[in-house]
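Please have the viewer open while you read.

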Amino acid sequence: MMTAKRINPDLQRERDAATIDPEELTRIIFDGAKELDKKRKLEDAVFNDPDYKSIPLNFMSREEQYEEGIRRSAIAVTKKEALGDLIENHNDLISYNTLACGIGNAFFLHESMFADSIKRMATDELKQKMMPLQQKFEIIGTYAQTEMGHGTFLRGLETTAHYDPNTQEFVLNSPTVTSTKWWPGALGKTSTHAVVLAQLYTQGKCHGIHPFVVQLRSLEDHKSLPGITLGDIGPKFGYGANDNGFLRLNNHRIPRENMLMKYSQVAPDGTYTKPPKAELTYGTMTFIRSMIVRASAFGLARGTTIAIRYSAVRRQSEMRPGEPEPQVLSYPTQQYKLFPLLATAYAFFFVQKKMVETYSVVNQQINDGDYTRIQELHGLSSGLKAFTSWATNVGLEICRMSCGGHGYSMSSGFPKLYVDFTPNCTYEGENTVLLLQTARFLVKSLKEGKRGAKLPGTVAYLSSNVTELRARATSAGRDLKDPRLLVALYKERAMRQIMFASDKVEAARSEGLDLVGALNRASVHLVRAANAHSHLLVVENFHEKLQELKVSQKLKKTLLQLFQLYALDGITNCSGEFLEDGILSGTEVKAIRQYVVELLPLIRVNAVALVDAFDFRDEVLDSVLGRYDGNVYEELLKWALSSPLNKTDVHPSYDKYLKPLLHRNRSKL
Ligand SMILES: CCCCCCCCCCCCCC(=O)SCCNC(=O)CCNC(=O)[C@H](O)C(C)(C)COP(=O)(O)OP(=O)(O)OC[C@H]1O[C@@H](n2cnc3c(N)ncnc32)[C@H](O)[C@@H]1OP(=O)(O)O
Ligand SMILES: Cc1cc2nc3c(=O)[nH]c(=O)nc-3n(C[C@H](O)[C@H](O)[C@H](O)COP(=O)(O)OP(=O)(O)OC[C@H]3O[C@@H](n4cnc5c(N)ncnc54)[C@H](O)[C@@H]3O)c2cc1C
């Protein structure tokens with residue numbers, strides 16, 4: 001990671017003063033020395049390969065970005081084969097693709113949602129036919145669910161698949177403008193196939209949305225097939241290299257076997273068999289939601305790395321005449337902007353591990369036909385996806401602004417980081433909608449808990465009552481920095497928010513509203529409750545990790561400080577919810593505000609080491625401000641000089657427009 005170049009002395013001083021060894025922490029983040037070694041070898045394989053060099057994305061047109069994305073994605077597939085053991089699991093594959101494809105992985109959906117849908121929901125016969133083609137990249141697939149008119153409300157999708165028993169085919173149609181599939185990644189120009197979600201009609205009855213494998217383009221010349229109209233939806237906020245697309249189907253026929261029929265079936269004569277659980281169709285979305293928690297951790301880690309390194313290098317404002325200008329990292333207000341986000345990034349790293357573990361356990365149970373934990377997984381993944389992606393989205397903007405003017409330059413890396421991250425709040429389930437799903441599960445769990453039912457792990461606390469929770473908090477003592485007390489406080493806050501929202505639902509019900517109407521009337525409270533619950537899970541999990549980790553005393557102390565900062569700062573940001581039921585007194589909230597300020601200089605000692613521990617190579621960070629060597633100013637100048645506008649001293653527009661303007665009165669003189 002370290003280059004032979006001179007390290008900026010301010011940054012070097014920060015590293016020399018650190019009390020922790022960042023490498024010890026890096027090994028924890030990346031699941032041990034072996035995995036870390038693999039990650040670094042993968043990075044070497046990509047960054048030492050000249051085929052993966054591109055000119056900066058910011059200097060390319062959209063068409064050039066798309067072509068470059070395809071070029072890199074295609075060579076990544078072939079080069080991957082030579083990497084052997086370096087790609088052992090799904091995480092390795094994602095890491096490799098992210099590195100290799102750089103500006104945009106054209107095959108993300110091919111290897112995730114398309115492959116997962118088939119593995120999860122196809123019959124064995126269809127799997128045997130499709131999976132080798134998918135794995136060998138003889139076809140390219142995507143996931144076409146969202147339509148122009150509906151993304152959230154899946155039951156409202158309008159694409160139809162009518163079964164024709166005479167030919168044993170489904171006939172697919174886009175009956176309205178709003179039924180046009182719209183947004184799916186790699187749909188416009190790249191994919192040859194898609195898993196298409198459509199309303200299934202057989203024997204004159206609609207059975208709701210079901211997934212079908214549909215071929216879109218010829219495997220000979222890549223032309224779209226008859227009955228298929230495809231295209232790119234145009235430039236977006238970000239993701240310039242990706243061809244998010246539209247699709248219209250006009251009497252397009254596919255064989256009956258192309259329906260994903262593991263759980264629900266249409267027999268050759270058209271007889272329909274429903275799935276054991278309708279939600280099984282939604283499993284692929286749950287899988288990606290759990291991955292977005294990981295993306296949130298990495299996104300915030302990247303933003304804080306840039307902002308904290310740059311803040312150590314940047315000096316601004318003589319405090320007293322003649323004194324050296326301080327590093328901006330020395331200002332408490334700068335620390336207050338950045339260190340809670342740094343602590344949040346660590347909290348998210350730990351919770352994403354928990355999310356992935358829970359996902360794989362429950363997913364295995366589902367594969368084995370045990371559906372008892374589907375709802376818990378849905379509540380957990382929806383809540384954590386929304387909670388973490390929103391926090392990262394907000395955090396990245398704070399990081400950018402903390403870099404002053406240079407944060408606004410593309411060279412900072414923030415514009416691309418932000419525009420590519422922010423759709424995590426929208427795709428794979430819009431965040432408000434997902435928190436409402438979590439809340440629905442919480443309200444139900446609270447009710448069941450009151451009836452004495454045994455509740456699953458993440459909501460087990462809802463079978464207690466607030467008096468018990470308060471007693472537990474009291475027995476933890478009243479040291480407001482004690483992790484056990486902090487977890488107990490968050491638990492009571494979540495419980496009370498859930499109770500409050502549930503009471504509002506009940507009140508609306510008693511006024512005669514049906515459940516849906518009552519949930520809608522109480523929805524603002526429900527979102528708050530789901531947020532409080534997800535916040536608790538992050539805090540509680542961080543605390544558990546602190547207890548489990550076998551690390552040096554110095555690192556333990558630093559992680560404890562990060563935990564305290566995360567938990568205490570979280571309280572100050574939502575203090576109303578802790579005050580309104582007397583969970584904390586006004587005096588205690590004021591004390592907590594002061595503790596947050598007191599933690600800042602303690603974290604400062606290790607701030608640079610803590611971001612170094614995220615182990616982003618400069619090529620990955622792609623930021624002049626966040627460089628490991630801190631040589632920001634020299635590189636800013638180089639970056640500007642490489643701008644195409646600076647290719648010539650006099651731009652052609654001078655002769656076209658400026659000269660006629662400037663010289664227009666000359667003849668008159
Ligand atoms: C480093 C890592 C990199 C990673 C990078 C990532 C990049 C990613 C790139 C990605 C590119 C982007 C790719 C894309 O964007 S792909 C498109 C993604 N689209 C969406 O996510 C659509 C969001 N909408 C829905 O999911 C549903 O329609 C919702 C959930 C809103 C409502 O649904 P619906 O109106 O039908 O139903 P209902 O509310 O009456 O509820 C009915 C019942 O169903 C249960 N239920 C609902 N859902 C689930 C579930 N999943 N598991 C288990 N259960 C579930 C629910 O609890 C309820 O149960 P009950 O209460 O009745 O018992
Ligand atoms: C970059 C990107 C990539 C994408 N890739 C894919 C892909 O590969 N495949 C695919 O199928 N789709 C894809 N999508 C589509 C994406 O999944 C949807 O946009 C997303 O699910 C949100 O749905 P929507 O656009 O209908 O939003 P809407 O539901 O229209 O949301 C608009 C507003 O309405 C609110 N709202 C909606 N319903 C409710 C409710 N019930 N209660 C309260 N508030 C509500 C929302 O909170 C939001 O504020 C992609 C989108 C983007 C931006």
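## Ground rules

Ala, Val, Leu, Ile, Met, Phe, Trp, Tyr, Cys and Pro count as nonpolar, Asp, Glu, Lys and Arg as charged, and the others, Gly among them, as polar. This is a predicted model, in which local features need pLDDT of at least 70 and side-chain atom pairs count only at pLDDT 80 or more, while totals for chains, interfaces and linings use all residues. Residues are numbered from 1 along each chain as its sequence is written, and chains are lettered from A and ligands numbered from 1 in the order in which they are written.

## Around the two ligands

By class, the shell around ligand 1 holds 14 nonpolar, ten polar and five charged residues. A residue is near a molecule if its C-beta atom, placed from the backbone, lies within 6 Å of it. Of the 29 residues around ligand 1, the nearest are Glu-279, Tyr-282, His-378, Tyr-427 and Gly-429. Two or more residues each come from α8, α10 (374–401) and α12 (431–450); helices here are DSSP runs of H or I with at least four residues, strands are runs of E with at least two, and both are numbered from the N terminus. The largest share, eight residues, is given by α8.

Ligand 2 is surrounded by 22 residues, with Gln-145, Thr-146, Gly-151, Thr-152 and Thr-432 the closest. Here β1 (141–144) and α12 are the elements that give two or more residues, and α12 gives the most, with three. The classes in this shell are ten nonpolar, ten polar and two charged.

## How α8 packs

Two packed helices are described by the angle between their axes and the distance between the axes. Axes are lines fitted to C-alpha atoms, for helices over the stretch in contact, and angles run from 0 to 180 degrees between N-to-C directions. The axes of α8 and α10 come within 8 Å and cross at roughly 20°. That makes α8 roughly parallel to α10; angles under 35 degrees count as roughly parallel, over 145 as roughly antiparallel, 65 to 115 as roughly perpendicular and the rest as oblique. The crossing of α8 and α10 is left-handed, a term used if the near helix is turned anticlockwise from the far one by less than a right angle, with right-handed for clockwise. The residues of this contact divide into nine nonpolar, 13 polar and two charged.

Helix α8 (residues 283–313) also packs with α6 (residues 108–121), at about 135° with the axes 9 Å apart. The two are therefore oblique to each other, and their crossing is right-handed. Ser-112, Met-113, Asp-116, Ser-117 and Arg-120 in α6 meet Gly-283, Thr-284, Phe-287 and Ile-288 in α8, where contact requires C-beta atoms, placed from the backbone, within 7 Å.

## From α10 to α11

How do α10 and α11 (residues 414–421) pack? Their angle is about 165° and their axes are 10 Å apart, so the two helices are roughly antiparallel. Residues of α10 including Thr-392 and Leu-396 meet Phe-414, Leu-417, Tyr-418 and Phe-421 in α11. By class, this contact has six nonpolar, two polar and two charged residues.

## A three-stranded sheet

An open sheet runs in the order β4-β8-β7, with antiparallel pairing; two strands pair if DSSP finds at least two bridges between them. Its edge strands are β4 (181–182) and β7 (228–232). Strand β8 (residues 245–249) pairs with β4 over two bridges, and Phe-246 in β8 is the bridge partner of Trp-182.

Key
Contact = placed C-beta atoms within 7 Å.
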